[in-house]
Amino acid sequence: MDIEQIWFALVAFFFIGYFVLDGFDFGVGMALPLLGRDDTDRRVMINTIGPVWDLNETWVIVAGAVLFAAFPEWYASLFSGFYLPLLLILLALILRGVSFEYRHQRKHPEWAARFDLMIIIGSFLPAFLWGVAFANIIRGVPMDADHQVSVSLFGLLNPYGLLGGVTLVLLCLVHGMIFIALKTEGDIRIRARTSVLRFMVPTIAVVATFLFWTVAMHVEVPHLGWIMAIAGLAAASLVTAGLFSLRGREGFAFFAMALTIASAVATLFVSLFPNVMPSTTTPEGTLTIINASSSEYTLGVMLWVALITTPLVIGYQAWTYWVFRRRLGREHILSSAH
């Protein structure tokens, strides 16, 4: 395996980690108006991700840094051509982070309600726009021989891009609801399980449509079998997550849902390979893992750094989740208020 291929796999790995981990954070935020009957319920839901949301979010920073270092041409074309949606994602993430920290600073219903609204928006918008962005990367964008992307935000909101956005929103929402059921007890756990089953059927339908469309766009690539196999794994694990939720096995359902998101994102990257940004206007404009990468020396040095630091990051994150593994309920919130 060439070193460019290794780094393409590492970029995919960090983005998969981001969508799996920050995905349930987005889902918890979007679920606030669906599962929270009062402020105590909403505080329970927010506290389930309180110790980990910022750690989960750092994965996108690492993914961006890896992309910049390993594939500078890809980074430059992506961040210049997708400037507005990526800016909106950044602003939404800032809005969500501020809301987590400030909603409890005043004991006033309207104060908390406004920050809850910002959490909902700050969770929905990034999930939707990330789905739109990645769908358009797979579909291809207008790009000239100098790798200059010329597309507007409305140009990105094409049928496939919109379907990608809706797909990621539903995946994150179900992922977040399963996490709430896993991390809570009492009525809110029951409502979360019920909501998972309610949203599972439309989610399966939308995800299946998006994966079928993705496979259909790549019927002529030599590695079609890999694309179909990984897409099939995503579909099967999504159904499995629903079955585990139906039986009240939240732990297994959560891991099955994590596998669903990981497989769905992996399907996109495998579909993209060996390109990193296809051009819809001229073949010379297409960026590949070869013409978008840094020098072999740079990639080699960074590979040693990645091999040393990545296990440490994963180990620290696993330890964090173990420390904060207990379930939460309304009584924990009410007791802490006194």
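Modeller: At 13% relative accessibility, His-147 counts as buried. Please keep in mind throughout that the model is predicted.

Colleague: In which loop is His-147 placed, and what is its phi?

Modeller: His-147 belongs to the loop between helix 6 (109-139) and helix 7. Although His-147 is not a glycine, its phi is positive, at about 65°.

Colleague: Is Phe-154 buried or exposed?

Modeller: Phe-154 lies in helix 7, which covers residues 153-156. Its relative accessible area is 69%. A residue counts as exposed over 50%, so Phe-154 is exposed.

Colleague: How far apart in space are Phe-154 and Ala-229?

Modeller: In sequence, Phe-154 and Ala-229 are 75 residues apart. From C-alpha to C-alpha, their separation in space is 33 Å.

Colleague: Is Gly-27 buried or exposed?

Modeller: Gly-27 is a residue of helix 1. Its relative accessible area is 0%. Buried means under 20%, so Gly-27 is buried.

Colleague: How are helix 1 and helix 3 oriented, roughly parallel or roughly antiparallel?

Modeller: Helix 1 and helix 3 (residues 53-70) pack with their axes 8 Å apart, at an angle of about 160°. Angles over 145 degrees count as roughly antiparallel, so helix 1 is roughly antiparallel to helix 3.

Colleague: How many residues of the contact of helix 1 with helix 3 are nonpolar?

Modeller: Helix 1 passes helix 3 in a left-handed crossing. The residues in contact include Trp-7, Val-11 and Tyr-18 of helix 1, together with Trp-53, Val-60 and Leu-67 of helix 3. Besides two polar and three charged residues, the contact of helix 1 with helix 3 has 16 nonpolar ones.

Colleague: How are helix 1 and helix 12 oriented, roughly parallel or roughly antiparallel?

Modeller: The axes of helix 1 and helix 12 (residues 296-323) are 11 Å apart, and the two helices pack at an angle of about 25°. Angles under 35 degrees count as roughly parallel, so helix 1 and helix 12 are roughly parallel.

Colleague: How many residues of the contact of helix 1 with helix 12 are nonpolar?

Modeller: The crossing of helix 1 and helix 12 is left-handed. Among the residues that meet are Ile-3, Trp-7 and Leu-10 in helix 1, and Leu-299, Met-302 and Tyr-321 in helix 12. The contact of helix 1 with helix 12 has three polar residues, two charged and 14 nonpolar.

Colleague: With which residues is Trp-74 in contact, leaving aside its neighbours within four places in sequence?

Modeller: Its partners include Phe-8 and Val-11. With neighbours within four places left aside, Trp-74 is also in contact with Leu-67, Phe-269, Leu-272, Val-276, Met-277, Leu-287 and Ala-292.

Colleague: Is the peptide bond from Phe-273 to Pro-274 cis or trans?

Modeller: Pro-274 is found in the loop between helix 11 (250-272) and strand 1 (275-277). The peptide bond from Phe-273 to Pro-274 has omega near 0° and is cis.

Technical notes
Residues are numbered from 1 along each chain as its sequence is written. This is a predicted model: local features need pLDDT of at least 70, side-chain atom pairs count only at pLDDT 80 or more; totals for chains, interfaces and linings use all residues. Side-chain values use heavy atoms; hydrogens and water are left out. Contact means heavy atoms within 4.5 Å. Axes are lines fitted to C-alpha atoms, for helices over the stretch in contact, and angles run from 0 to 180 degrees between N-to-C directions. Helices (H or I, at least four residues) and strands (E, at least two) are DSSP runs, numbered from the N terminus. Angles under 35 degrees count as roughly parallel, over 145 as roughly antiparallel, 65 to 115 as roughly perpendicular and the rest as oblique. A crossing is left-handed if the near helix is turned anticlockwise from the far one by less than a right angle, and right-handed if clockwise. Ala, Val, Leu, Ile, Met, Phe, Trp, Tyr, Cys and Pro count as nonpolar, Asp, Glu, Lys and Arg as charged, and the others, Gly among them, as polar. Buried means under 20% relative accessible area, exposed over 50%, partly exposed in between (1.4 Å probe, protein chains only).
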